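Please find below a colleague's note on the structure shown here. The points are numbered and may be read beside the sequence.

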Amino acid sequence: MKDFLVLRIVAKLLIPYMLVFALYVQFHGDFGPGGGFQAGVIAAAAVIFYALIFGLPAARRMVPDGLVEAMVGLGVLLYAGVGVAGIVLGGNFLDYFVLDADPVAGQHRGIFWVEAGVGITVSGVMLKIFYMFAGRRRRARER
Amino acid sequence: MSAAAGHYSYWITVLLMVAGLYIVIARGNLVKKLIGLSIFQTSVYLLYIAPGKLIGGTAPIVAEGYAVYSNPLPHVLILTAIVVGVATLALGLAIVVRIREMYGSIEEDEILAADRDDGPDR
Amino acid sequence: MTFAHLPILAVAVPLIAAPVTLLLRRSTPAWAVATTACAFSFVASILLALEVAARGVISYHIGSWPPPWGIEYRIDALSAFVMVLVSGIATVVAPYAWRSVRAELPRDRLYLFYTMFCLCVTGLLGMTATGDAFNIFVFMEIASLSSYVLIALGRDRRALLAAYQYLILGTIGATFYVIGVGMLYLVTGTLNLADMASRLPEVADTRPVLAALAFITVGISLKLALFPLHLWLPNAYAYAPSAVTALLAATATKVSVYILLRFYFSVFGLHLVTESLPMPEILLVLSLAGIITASLVAVWQTDLKRLFAWSSVAQIGYITLGIAMASIDGLTASVIHLFNHGITKGALFLLLGGVALRMGGRARLEDVRGLGRSMPLTAFGITLAGLSLIGVPGTAGFISKWFLVLSALEAGRWWLAGTVVATSLIAVVYVWRFVEAAYLSAPPADAPAQGEAPWTMLVPAWALAAACVWFGLDTSFTVEGAQRAAQLLVGGAP
Amino acid sequence: MAVATVAIALQRNLFSVVILGGVYSFLMATVLVALDAVDVAMTEASVGAGISTVLLLGALYLCGGEEAKPLHRPWLPLAVSLIIVGALVYGTLGLPAFSDALAPIHVHVAPRYLLQGPIETGIPNVVTAVLASYRGFDTLGEVTVVFTAGAGVIALLRRARRRKDWESEK
């Protein structure tokens, strides 16, 4: 689909907004609907869109495989890390109250990082799965 | 009779659930089975969410001017269930793709037939 | 400080190990991390079991939220017992996998095997430790999804189909479980198991509760491969990599049995299960049918992995038979057999993995001819574990069958005790088929040059085989643990 | 929605089935909005209609899109389905009626979330508060499930460089 000028321009216009929207959903989850999971899916969708228009190699240059695979693991580690931080700071596992002197602020901080972990892993996994399926397709063609 | 009206939401759930399950059991195409499986899982969402709704209530985002909210707990559970559902689907499809590569077919009968020709230890 | 956090750490450490292995991308460090994590969980589980025996139930509030609002980890005699089994088997299988998996998987995916291994252990331990119905579902899915992948990694293409069938049936089972839990939630308003149990009597005998009982039973039965819902099991066990077969056979079905026990006796209560629906009768019939059919099918198998997979279906029948007695003795027998069968099958599949390694990936009856001479230690180990499977005195299997027969006699069911003994004779037949091939047949002339399995595989396997004898002679841990667990289940019901 | 489901069951062209699946998900999301579950609706729309459809289409591209005639006799599945309908109807008849404010789920655990949640966590979206804090461990499990799927797909579909030489061993 690289040859359609309209698609290319629309995509160029839209994709930044999709990523910004993903960030909005990620961090506005405290007040409106949304959160790490939805944001991760939207961010992944933006890159998938990019890949559909400009081709898989272009998308892989923009978001390389190694980074995606690292994101898959890092999100879970971040989440679990917040849990362990609760223990280290003298509370229970996943205890956000101890993350700050003020318990409510601690909750805020805990939820922020946890949601970030969810977002990272989900976008990483969704993208990775897409890359895996799409990569297969290319090989099937080569045969 | 009012009992039947009050349980209307459950009937829909039941219908979807069984339709999904039927597709899973009755169809021999591996992809179609997975689609049926996701419908089966999706129907469970309604079983949890529908009873959480209160007529006159609003979404559980606390704001001034609202007193009645729908129950947030089922929403949380179903968010988790949706994620589990898509994870299962992705994994299932990955296995189907591999099956297709190894057997050259995604019809259950053909694959089983291929297996019978395959080894003496079946 | 750390000691108070053991319940969560036993689960969280393998969970954290999983992404670490993924990020390492090298098989050797990944293996080291996975093994260390399993060993840590094993030590933690033993400490927890001791703590529970000394001081009673441990309740751990995750996130410091009190139970019905937050998620609670609740370790009692039964869950500690099962955790010791699961983490112990994992600790034995992890070092074994080092050599075994290298022969069965392509190099660049080895580290992912350990990622999946950690996740599977996390899921199984999480299901056991948690006191929250929905949390069980989440960790059940972690365990299931990772085991689908582990099975699909088998080198035979039929492994893929087996994994697919397991995925379909496993997901249906999990969804049934969610439906059942949903109904319970709608009538009690809570997801915490203990809270649920205390609020159930108000609504006992209502239709949703009975339907929930039915759905949870069917859902879990799919997972634990209760006859006639066992169809996924033989293929899955036969084609999975050897280390995976051992891990799953020894732990996965056992944890499902644990969930069933938990719901029957800690949530629904003995009264509801035995009187409102004919559950014990249904379980009894299915167990007996399962024992007899699966044992007979096992006799005709030529592939040893399939043979012992079918025997697993039969052995699960003995476990559920104990549940069907619904008495303290029956439950004791059930819990003991859960443990003993776990170590027996673990030993068998690990040793068979060694055979498969030397025989080019197969372990059929014709391949093991003359095994007594070419691989004497392996052959002797399999025979020993086989004796335990039959229930010969002096082995672990004898203890569980003994308690099972005892509880049947106590309930005045002579015929049941007779059936248990008679079906054990079928086990004699299929174990004999191995012994005959290994010791009494000459090795085929064109046999590949063989030696004993590498010691990194032989030592873990023999550790389990020795455990079969150890727990047949020294029964203090198993019997006392199981008795405490059974009393807790029957007495703990509201 | 029911129409979409029946159509899925009858349709044999898998591409139409996938598209109908997307339609079904969007309808489901609409229903969920009507039931006040905005977070869930958003997820269902993005996952069910978005990611799932993309994945299914990707898989179909690799596997081919026409389904063979079903060879199975439909009677056994139909009987199983009917038994399950019976059990479900039997069970749901005893459940609290729709929008019953006195149902156990509204009076037992949930009130604390709604009344105390915003104060204890400082977050007005109660769903987020429960998801990330009260039942944060469930969500850790959920992320782990996603992680499992991701790592599993990598393990299954990674292009094996040495594939040839270990296949020849067989």
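1. Two residues are said to be in contact when they have heavy atoms within 4.5 Å. By that rule, and leaving aside its neighbours within four places in sequence, C:S147 is in contact with C:C120, C:Y166 and C:L248. C:S147 is found in helix α5 of chain C; helices (DSSP runs of H or I, at least four residues) and strands (runs of E, at least two) are numbered from the N terminus. The side chain of C:S147 reaches the backbone oxygen of C:S144 at 2.9 Å. With 2% relative accessibility, C:S147 counts as buried, where buried means under 20% relative accessible area, exposed over 50% and partly exposed in between, with a 1.4 Å probe and protein chains only.

2. A remark on the basis of the note. The model is predicted, so that local features need pLDDT of at least 70 and side-chain atom pairs count only at pLDDT 80 or more, while totals for chains, interfaces and linings use all residues. Residues are numbered from 1 along each chain as its sequence is written, chains are lettered from A and ligands numbered from 1 in the order in which they are written, and side-chain values use heavy atoms, with hydrogens and water left out.

3. Chain B has five helices and zero strands, in the order α-α-α-α-α from the N terminus on. Of its 122 residues, 70% count as buried. Among contacts in chain B with a separation of 6 or more, 48% are between residues 24 or more positions apart. Chain B exposes about 3700 Å², and carbon and sulfur atoms supply 58% of that area; accessible areas come from the Shrake-Rupley method with a 1.4 Å probe, and for residues only the protein chains shown count as cover.

4. Chain D has nine helices and zero strands. Of the 170 residues of chain D, 58% count as buried. In chain D, 41% of the contacts between residues at least 6 apart in sequence join residues at least 24 apart.

5. Between chain B and chain D, 71 residues of chain B are in contact with 83 residues of chain D. The two chains bury about 7000 Å² between them, 76% of it on carbon and sulfur atoms; buried area is the accessible area (1.4 Å probe) that two parts lose on being put together, summed over both. The elements of chain B that give two or more residues to the side touching chain D are α2 (8-26), α3 (30-49), α4 (72-103) and α5 (108-118). The largest share of that side, 24 residues, comes from α4(B). By class, the side has 49 nonpolar, 14 polar and eight charged residues; Ala, Val, Leu, Ile, Met, Phe, Trp, Tyr, Cys and Pro count as nonpolar, Asp, Glu, Lys and Arg as charged, and the others, Gly among them, as polar.

6. Between chain C and chain B, 34 residues of chain C are in contact with 40 residues of chain B. The buried area is about 3400 Å², of which carbon and sulfur atoms give 74%. In chain C, C:R157, C:R158 and C:Y164 lose the most area to chain B, together 22% of what that side buries.

7. In one of them, the closest N and O atoms of A:E69 and C:R25 are 3.2 Å apart. A:E69 lies in helix α4 (residues 65-88) of chain A and C:R25 in the loop between α1 (6-24) and α2 (27-55) of chain C, so this pair joins two chains. A:E69 is buried at 5% relative accessible area, whereas C:R25 is partly exposed at 36%.

8. Two further salt bridges lie within chain C. C:R55 pairs with C:E51 at 2.8 Å between the closest N and O atoms; both residues lie in helix α2 of chain C, four residues apart, about one turn of the helix. C:R55 is exposed at 66% relative accessible area, and C:E51 is buried at 17%. C:D156 pairs with C:R158 at 3.0 Å; C:D156 is partly exposed at 22% relative accessibility, and C:R158 is buried at 8%.

Note on methods
Polar contact = N/O pair within 3.5 Å; in protein donor to acceptor, adjacent residues only side chain to side chain. Salt bridge = Lys/Arg side-chain N within 4 Å of Asp/Glu carboxyl O.
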